[in-house]
Amino acid sequence: MTVPPSAVGRTATLTHRDADWRGLRVLVAGLGISGFAAADALLERGAHVVVVDAGAPSENITLGERARILDILGADLRFGPEQVASLPTDDLDLVVTSPGWAPHQPLLAAAAAAGLPIWGEVELAWRLRPAEGAAPWLVITGTNGKTTTTQMLTSMLRAAGLRAMSVGNVGTPILEAIMDPTPYDVLSVELSSFQLHWSESIAARASVCLNIAPDHVDWHGSLEAYIQAKGKVYERTEVACIYNDQDPTTRRLVEEAEVQEGCRAIGFTLGVPGLSMLGVVDDVLADRAFVEERRTSAAELATLDDVRGEAPTVAPHQVANALAAAALARAHGIPPIAVRDGLRAFRPEPHRIAEAGIVGGVRYIDDSKATNPHAASASLAAFASIVWVAGGLLKGAEVDELVREHADRLRGVVLIGQDRAKIADALARHAPDVPVVDLAATDTGAMDLVVARAADLAHEGDVVLLAPAAASMDMFDNYGARGDAFVAAVRRLARAAGE
């Protein structure tokens with residue numbers, strides 16, 4: 001199959017909502033949240049839409065409901081594994097893919113071989129913005145900390161009186177916000193490496209890559225391909241490319257990016273900020289980038305207590321997230337007082353260094369969201385004496401560096417999950433004197449045993465930290481279910497102890 005030049009030329013003209021989308025022949029690949037939003041928006045613009053999904057609507061209530069709505073709107077719906085194995089028709093102008101579909105997926109590989117344009121829902125959302133007065137995007141990516149930073153930023157924007165929304169990988173499809181009849185003033189946009197891979201024309205007002213660590217290499221094909229996908233966040237940025245001064249890869253990505261004239265490189269650091277940077281002076285978050293006399297002065301944005309909020313401690317990575325969010329807000333012209341008020345109003349989502357309880361003078365911390373070694377390292381760095389609960393699906397990640405870096409913090413370790421032996425081996429190499437409990441249990445009561453054995457290892461003043469460094473699906477539906485099980489087990493332990 002060869003795509004006629006007219007098809008490619010037509011999609012090139014679709015740069016805003018008021019372009020002529022009528023009659024565009026679009027294949028929407030996948031009927032998840034983003035796929036449904038894409039099909040709905042395209043049908044509203046008068047496009048002819050074919051939707052394919054490997055699932056069966058009769059076996060999935062959510063899929064069935066989406067299918068019923070799109071059927072009423074006039075979509076051509078095709079379900080079953082055979083529908084995603086190849087292109088269903090030669091008569092296409094465009095493929096819009098769900099972010100989880102990898103480039104090597106057979107249908108997408110066939111589309112690429114045929115020269116068909118392939119967009120993600122994020123790219124489609126950018127091209128469906130109104131021609132005039134569109135809300136600017138402040139875009140966040142990184143291996144870890146994206147959702148927290150995105151929601152911190154939204155809190156700051158709202159504290160400044162703006163109608164703002166957290167969208168993208170955070171859960172709400174960007175198209176939903178773009179098509180809202182009441183326009184937003186600004187959007188706080190979290191993007192994964194998958195979403196960035198399928199994007200080609202986004203031009204953020206300001207952008208940040210928080211950090212880079214090995215992740216999703218199987219999807220991208222190599223670590224460098226993953227890094228380059230993350231780096232796309234900086235392309236065409238208008239005002240400020242914000243990078244982590246303590247992560248040289250993010251600085252390199254800024255240096256390599258093609259940005260708009262006048263765009264500045266702004267660093268953030270946990271140390272004292274240099275010129276054109278944000279950082280920390282004593283216990284104050286300070287801005288030496290967005291003040292007139294930045295060579296000789298800085299603006300006070302907030303204190304470490306403002307970042308800590310109701311959390312048991314102020315973790316270094318949480319300070320970094322706050323600085324990144326503040327840099328994005330300041331790039332958009334948000335005053336320092338709104339940065340402070342936004343941080344004070346912010347409440348993190350569950351399972352992110354959340355206190356599960358205190359039993360016998362031991363604090364139990366749920367950071368089930370630490371699903372890779374990089375995230376677990378940030379969590380371990382927040383505490384001095386730890387009984388570490390770790391394990392699950394490592395997805396090919398290495399843990400030697402993680403164990404070596406934090407060995408002196410470990411009072412003991414309780415290992416769970418499919419890949420626990422890999423962590424046990426790293427502990428034997430780099431922390432041979434640390435007691436390790438290896439639990440093979442995977443039943444519904446496993447977390448009670450985990451917490452009980454962790455309590456046996458802990459001393460008064462210690463922290464029992466669930467920061468698994470691994471995904472949860474070997475034992476739990478998701479990281480939230482894993483965290484909920486941990487919290488429930490801690491509460492049962494407290495009741496048994498009469499606390």
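Where does N144 lie? The answer is in the first of the close-up views below, all of which come from a predicted model.

View 1. N144 is found in the loop that runs between β6 (137–141) and α6 (146–159). With a relative accessible area of 13%, N144 is buried, because buried means under 20% relative accessible area. The side chain of N144 makes a polar contact of 3.1 Å with the side chain of N372. Leaving aside residues up to four places away in sequence, N144 touches L210, N211, N372, H374 and A375.

**View 2. Helices α6 and α14.** Two packed helices are described by the angle between their axes and the distance between the axes. For α6 and α14 the angle is about 125° and the axes are 7 Å apart. The two helices are therefore oblique to each other. The crossing in which α6 passes α14 is right-handed. On the α6 side, the residues in contact are M152, S155, M156 and A159, and they meet A338, V339, D341, G342, L343 and A345 in α14. Sorted by class, this contact of α6 with α14 has seven nonpolar, two polar and one charged residues.

View 3. I353 sits in the loop between α14 (336–345) and β15 (354–359). Is I353 buried or exposed? Its relative accessibility is 9%, so I353 counts as buried. Most residues other than glycine have a negative phi. The phi of I353, however, is positive, near 45°.

**View 4. K395, another residue with positive phi.** The loop between β17 (386–390) and α16 (400–406) contains K395. The phi of K395 is near 55°, which is a positive value in a residue other than glycine.

**View 5. Helices α10 and α11.** Helix α10 covers residues 223–231 and helix α11 covers residues 248–256. They pack at an angle of about 60°, and their axes are 10 Å apart. That angle makes α10 oblique to α11. The crossing of this pair is right-handed. From α10, the residues E224, I227, Q228 and G231 take part in the contact, and from α11 the residues T249, R252, L253 and E256. By class, the contact of α10 with α11 has two nonpolar, three polar and three charged residues.

**View 6. Helices α18 and α19.** This view shows helix α18, residues 446–457, with helix α19, residues 479–496. At what angle do the axes of α18 and α19 cross? They cross at roughly 60° and come within 8 Å. This makes α18 oblique to α19. In passing α19, helix α18 forms a right-handed crossing. The residues of α18 that make the contact are M447, D448, V451 and A455. Those of α19 are R482, A485, F486, A489, V490, R492 and L493. By class, the contact of α18 with α19 has eight nonpolar and three charged residues, and no polar ones.

Definitions and conventions. Residues are numbered from 1 along each chain as its sequence is written. This is a predicted model: local features need pLDDT of at least 70, side-chain atom pairs count only at pLDDT 80 or more; totals for chains, interfaces and linings use all residues. Side-chain values use heavy atoms; hydrogens and water are left out. Axes are lines fitted to C-alpha atoms, for helices over the stretch in contact, and angles run from 0 to 180 degrees between N-to-C directions. Helices (H or I, at least four residues) and strands (E, at least two) are DSSP runs, numbered from the N terminus. Angles under 35 degrees count as roughly parallel, over 145 as roughly antiparallel, 65 to 115 as roughly perpendicular and the rest as oblique. A crossing is left-handed if the near helix is turned anticlockwise from the far one by less than a right angle, and right-handed if clockwise. Contact means heavy atoms within 4.5 Å. Ala, Val, Leu, Ile, Met, Phe, Trp, Tyr, Cys and Pro count as nonpolar, Asp, Glu, Lys and Arg as charged, and the others, Gly among them, as polar. Buried means under 20% relative accessible area, exposed over 50%, partly exposed in between (1.4 Å probe, protein chains only). A polar contact is a pair of N or O atoms within 3.5 Å; within protein, one must be able to donate a hydrogen and the other to accept it, and residues adjacent in sequence count only if both atoms are side-chain atoms.
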